Amino acid sequence: MRIDDLPIRDELKGKSPYGAPQLDVPVLLNTNENPYPLPDALVARIAERVAEAARTLNRYPDRDAVELREGLAGYLTRSTGYGVDLVNVWAANGSNEILQQLLQTFGGPGRTALGFAPTYQMHELIARGTGTGWLQGPRNADFTVDLDAARAAIAERRPDVLFICSPNNPTGTAVPRETVLALYEAAQAVKPTLVIVDEAYIEFSHRPSLLPLIEGRPLLVVTRTMSKAFGAAGLRLGYLAADPAVVDAVQLVRLPYHLSSVTQATALAALEFTDTLLGYVERLKDERDRVVGELRAMGLRVTDSDANFIQFGCFEDTHAVWQAVLDRGVLVRDNGVPGWLRVTAGTPAENDAFLDAVRAATKEL
Ligand SMILES: *Cc1c(COP(=O)(O)O)cnc(C)c1O
């Protein structure tokens, strides 16, 4: 039996599951992972905290993840200078689950979410998965948000949820504070709209976090993840910061005990090593800027990047370049943006391998 012969929901028919192709090659620069494994001291600390948690695994975890949310609030406060508390923070299994909970609460059948394409594909998929209609807003040719067109789209299409991805995946572009403020105002002028600022990559940005914008804006939510800057994609830990009412609201849809004791213990251990992990982020930012410079020196076009990845082009035959780079042992990502590819910043050696592969590939083609 094929999937579409099953009585699945109509809007799921003919769709493909999300996922980057995973190939077994020496240099993997396709999923924006952090290339640095966790340091040994942190691995040991995780083992210690998980062993402690294991003693009470016969019990359900702390349903409200209080210690972890306090730790995350402390990290946000220290790193942004804007004070948030336990009541402002909610955590889940990856920021994807956070986004799903937000859409289950503020989207759903009969409602719509609007995002600016090209953007993180999961925004659309989570919208569809929760029965929320998906609306696509435009960007400028340089991939920045076109504010006038965005205002027009909001006024015309009246979304219930607005996605602002900053820095944006796959383009790497950050959205200026004034633009986010203007979009928030434009949306609220039409109807009460949840505005989600996805800051999965903010630790890599040249710009400060937009977290302070939650002040006095009860419908503005900032989402974060430990998958990128904290180098813990395998942990599955995402979180949000917002008005306490939003945190209360998502309690209506979260599964009881969604965040396992093991996850909570591991995330708490990682938070103890924040300074070390953010040291790797500094290295990656330097490498990102170096790769941008070298790609431009080759005569390629590179979108300004505020993330741990770089969008580069323009190619007539994007797939041929992707394949030629892959033939040299380096996997990058084709996000389906015509003419452009995306590469994640890796270790200096990985980046050198990538740059060599691109040099060779573009000569050959
Ligand atoms: C990687 C990424 C995430 C992170 O998702 P997790 O579920 O936390 O791993 C969220 N938003 C964007 C834009 C991303 O690229």
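**Aromatic contacts in a predicted model**

Phe143 is buried, and Trp340 is buried too; buried means under 20% relative accessible area with a 1.4 Å probe, protein chains only. This is a predicted model, where local features need pLDDT of at least 70, side-chain atom pairs count only at pLDDT 80 or more, and totals for chains, interfaces and linings use all residues. Residues are numbered from 1 along each chain as its sequence is written, and side-chain values use heavy atoms, with hydrogens and water left out.

Phe143 and Trp340 also form an edge-to-face aromatic pair, 5.4 Å centre to centre with 85° between the planes. Rings of Phe, Tyr and Trp (its six-membered ring) pair if their centres lie within 6.5 Å; planes under 30 degrees apart count as stacked, over 60 as edge-to-face and the rest as tilted. Phe143 sits in the loop between β4 and α5 (147–157), Trp340 in the loop between β11 (330–331) and β12 (341–344). The two are 197 residues apart. Helices (H or I, at least four residues) and strands (E, at least two) are DSSP runs, numbered from the N terminus.

The whole structure holds nine aromatic pairs. In one, the ring centres of Trp134 and Phe163 are 5.9 Å apart and the planes meet at 50°, so this pair is tilted. Trp134 belongs to strand β4 (residues 133–137) and Phe163 to strand β5 (residues 161–165), so the pair ties together parts 29 residues apart in sequence. Both residues are buried.

Elsewhere, ring pairs join Phe312, Phe315 and Phe354 into a cluster.

Technical notes:
Buried < 20%, exposed > 50% of the residue type's maximum accessible area, 1.4 Å probe, protein only.
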